[in-house]
Amino acid sequence: MWPTTPATLFIWLVLIQGSYALYEGMYCGKENCYEVLGVGRDDSKGDIAKAYRKLARKWHPDMHQGAEAKATAEKEFQRIATAYEILRDADSKTDYDYMLDNPDEFYWHYYRYYYRRVTPKVDVRLVIAVTITVISACQYYVAWNNYRSAVSYLLQVPKHRTRAMQIAREEKLLETDKKKLRGKSKSEIREEEEEVLKKVIEEKMDIRYMCTLVSVL
């Protein structure tokens, strides 16, 4: 049923104009992608690619001299590339053909166009591989974090710290030369001692049981 009053007619015109304006940012805008490349709807994918390569060579910015000529070439090259991007993909071409045959279904075309643009085309196998890698990395991080927590825990237990200190002294791992220690603050000396003790615990003491205990805690 068509609008019969001036007010409703005006609203219809605004809606129609707004809907058609959506097309300006879609596909080739107001232009026909087939006409941009100089091909027909029934042409093969190879024919479309051939037409694109021919026009791309002609309008590539590097083939033109001067700022104005380059600017014109860039605009034309982008126009050609956009048309080819639409027609080279089978699904995108199907959507575009449907839009040409059903131009009044504005919002459906709008949805399909942006749905394809924002939906990544990623191989499922790649997604699975990345997922497995991320999970493995997380598991490794958790295990390493538990391990480091166990080492830190052992350093806080007097008997284990005393044992680690004894081993470090026996193997002369701790710096005792006052000349070499001169110029270092107490906090720096303390940090170096802590690192040595952690290394002793990691390499000289069995912390497997403690790792299990810390992970449970």
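These questions and answers cover confidence, packing and aromatic pairs in a predicted model.

Me: Which element of the protein has the lowest mean pLDDT?
Reply: The mean pLDDT of the protein is 77, and 76% of its residues reach 70 or more. Helix H2 (residues 33–37) has the highest mean among the elements, 95. At the other end, with a mean of 45, is helix H1 (residues 6–21).

Me: How many contacts does the stretch of residues 7–21 have beyond near neighbours in sequence?
Reply: Over residues 7–21 the pLDDT is below 50. Where pLDDT is low, the predicted coordinates should not be read in detail. With that caution, the count in the model for this stretch is 7.

Me: Which elements give two or more residues to the largest nonpolar core?
Reply: This core has 21 residues. Tyr27, Cys33, Leu37, Val39, Ile86, Leu87 and Tyr96 touch the most other members. The elements asked for are H2, helix H3 (45–59), H4 and helix H5 (90–101).

Me: Is Tyr84 buried or exposed?
Reply: Tyr84 is found in helix H4 (residues 67–88). Leaving aside residues up to four places away in sequence, Tyr84 touches Leu37, Ile48, Ala49 and Tyr52. Its relative accessible area is 16%, and the cut-off for burial is under 20%. So Tyr84 is buried.

Me: How far apart in space are Tyr84 and Cys33, C-alpha to C-alpha?
Reply: In sequence, Tyr84 and Cys33 are 51 residues apart. Their C-alpha to C-alpha distance in space is 7.7 Å.

Me: Why does the pair of Tyr27 and Tyr96 tie together parts that are apart in sequence?
Reply: The two rings form a tilted aromatic pair, 5.2 Å centre to centre with 55° between the planes. Tyr27 counts as buried at 8% relative accessibility, and Tyr96 is buried at 1%. The pair ties parts together because Tyr27 lies in the loop between H1 and H2 while Tyr96 is in helix H5; the separation in sequence is 69 residues.

Me: What kind of pair do the rings of Tyr34 and Tyr96 form?
Reply: Tyr34 sits in helix H2 and Tyr96 in helix H5, 62 residues apart. Both Tyr34 and Tyr96 are buried. The ring centres are 6.0 Å apart and the planes are at 40°, so the pair is tilted.

Me: Which residues form one aromatic cluster?
Reply: The whole structure holds 3 aromatic pairs. One of them joins Tyr27 and Tyr96. Tyr34 pairs with Tyr96 as well. The cluster is Tyr27, Tyr34 and Tyr96.

Note on methods
Residues are numbered from 1 along each chain as its sequence is written. This is a predicted model: local features need pLDDT of at least 70, side-chain atom pairs count only at pLDDT 80 or more; totals for chains, interfaces and linings use all residues. Side-chain values use heavy atoms; hydrogens and water are left out. pLDDT is the predictor's confidence in each residue, from 0 to 100. Helices (H or I, at least four residues) and strands (E, at least two) are DSSP runs, numbered from the N terminus. Contact means heavy atoms within 4.5 Å. Buried means under 20% relative accessible area, exposed over 50%, partly exposed in between (1.4 Å probe, protein chains only). A nonpolar core is a set of buried Ala, Val, Leu, Ile, Met, Phe, Trp, Tyr and Cys residues joined through side-chain atoms within 4.5 Å. Rings of Phe, Tyr and Trp (its six-membered ring) pair if their centres lie within 6.5 Å; planes under 30 degrees apart count as stacked, over 60 as edge-to-face and the rest as tilted.
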